[in-house]
Amino acid sequence: MNIRSLTRGDGVVIGAAVLLLIASFLGLYSVKDAPDSLELPNLWGSGPVVLGVVLAGIIGAALIVVARGLPQPKKVAGLDLGQLGIAFTIFAAWSALGNVFDPASGVDNVGGGSDGPDLGMGLILALVATLVMAAAAVATPLVPALKGSLVPAARPAAPQPYGGQPQGGYGYPGAQQQPYGGQPGQPGQPGPSFGGQPQPGQPQAAQPQAPQQAQAQPAGDFSPFWFAVPVPRPLFGEDGSPTPIAELAPGTWYLAVEQRGANLVAQTQDGRRGVLQDSSGIQRG
């Protein structure tokens, strides 16, 4: 699962599920002037409330979060997990509303009062939690503010040239060059340095510099950069195969190493390279 693919709407659903779980341990009913010996049940003491409100709401929230975090959509009985989760949250809110209208169902003469018991704090919080949960689950695909990423992707460090040496390493521009096949140069002992410029007092040999410069710079002045995709997108093989070799997930940074027309050649974190045919809306690092 990719946690970075969760949206703000998913965060609201998770928060509502936590509130529902807390509410399940609070009172289902409340009775005025109830004696100390009277023990009122919580939401787990009522079968219809547990099945129709508590478990349905928690299961719906879990299905929504799992469906969002999976790289490939999963289906159960022909329904997407996210759609099934939304249906569970709506059913939980509907069931909570029905229990609020009939709080004294299954209880006779609790406390001996003629008016029966009142709504308990657990049932009231359960109604609020399921209503918020269902509203967030339905509105997330429709409201742009809820579709934003819940966990912002960390911006990567400036990428090194693809295939180059680390800064300050051997062969890096500006690093002190060592003589080829010898010891480091001493003052007053100039010598040729491999891949570098001749030192003062040394005869300059003609060397073909143009091919080396052509190899050092990518074609078309392309510079590798980090990017993230807004939605899951397939990565196809460089051989032109129609079968994707990987799927780029939102919230993860990938390295673009080459550009071929309108397509990007990307490298995944495990070293696989492929062609990203749809680069619209990507976020550059």
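1. Two strands are taken to pair if DSSP finds at least two bridges between them. In this predicted model, strand β8 (residues 254-260) and strand β9 (residues 263-267) meet that condition, pairing in the antiparallel sense over five bridges. Within this pairing, Q259 has L264 of β9 as its bridge partner. The hairpin of β8 and β9 has two residues between the strands, and G261 takes a positive phi near 70° there.

2. Strand β9 also pairs with strand β10 (residues 273-276); the two run antiparallel and are joined by four bridges. Here the bridge partner of Q267 is R273 in β10. The hairpin of β9 and β10 has five residues between the strands. A glycine with positive phi is found in this hairpin too: G271, with a value near 95°.

3. The structure holds six salt bridges. One of them is formed by the side chains of D278 and R233, at 3.6 Å from N to O. This pair links distant parts of the chain, since D278 lies in the loop between β10 and β11 (283-284) and R233 in strand β6 (residues 233-236), 45 residues apart. The two partners may be set side by side in terms of accessibility. D278 is partly exposed, with a relative accessible area of 38%, whereas R233 counts as buried at 8%. The cut-off that applies to R233 is 20%, under which a residue is called buried.

4. A further salt bridge joins E238 and R260, whose closest N and O atoms are 2.7 Å apart. This pair, too, links distant parts of the chain: E238 is in the loop between β6 and β7 (244-248), R260 is in strand β8, and 22 residues separate them. Both partners count as partly exposed, E238 with a relative accessible area of 35% and R260 at 36%.

5. E258 counts as partly exposed, at 30% relative accessibility. Through salt bridges that share partners, E238, E258, R260 and R273 are joined into one network. R273, a member of this network, is also the residue of β10 that is the bridge partner of Q267.

6. The count of aromatic pairs comes to four. In one of them, the ring centres of F227 and Y254 are 6.2 Å apart and the planes stand at 45°, so the pair is tilted. F227 is in strand β5 (residues 225-228) and Y254 in strand β8, 27 residues apart, and the pair thus links distant parts of the chain. Both residues are buried. Together with F222 and F225, F227 and Y254 form one aromatic cluster.

7. Helix α1 (residues 8-23) should be noted separately. The helix has 16 residues and reaches 23 Å from its first C-alpha to its last, close to the 22 Å expected at 1.5 Å a residue. Which residues of α1 are buried? They are G9, D10, V13, A16, A17, L20 and A23. These residues cover an arc of only 135° around the axis, which puts them on the same side of α1. What covers the buried residues of α1 includes α2 (47-69) and α4 (121-139).

Definitions and conventions:
Residues numbered from 1 in each chain as written. Predicted model: local features only at pLDDT ≥ 70, side-chain atom pairs only at ≥ 80, totals over all residues. Heavy atoms only, no water. Expected span 1.5 Å × (residues − 1). Buried < 20%, exposed > 50% of the residue type's maximum accessible area, 1.4 Å probe, protein only. Arc of directions from axis to C-beta. Contact = heavy atoms within 4.5 Å. Salt bridge = Lys/Arg side-chain N within 4 Å of Asp/Glu carboxyl O. Phe/Tyr/Trp six-rings, centres within 6.5 Å; stacked < 30°, edge-to-face > 60°.
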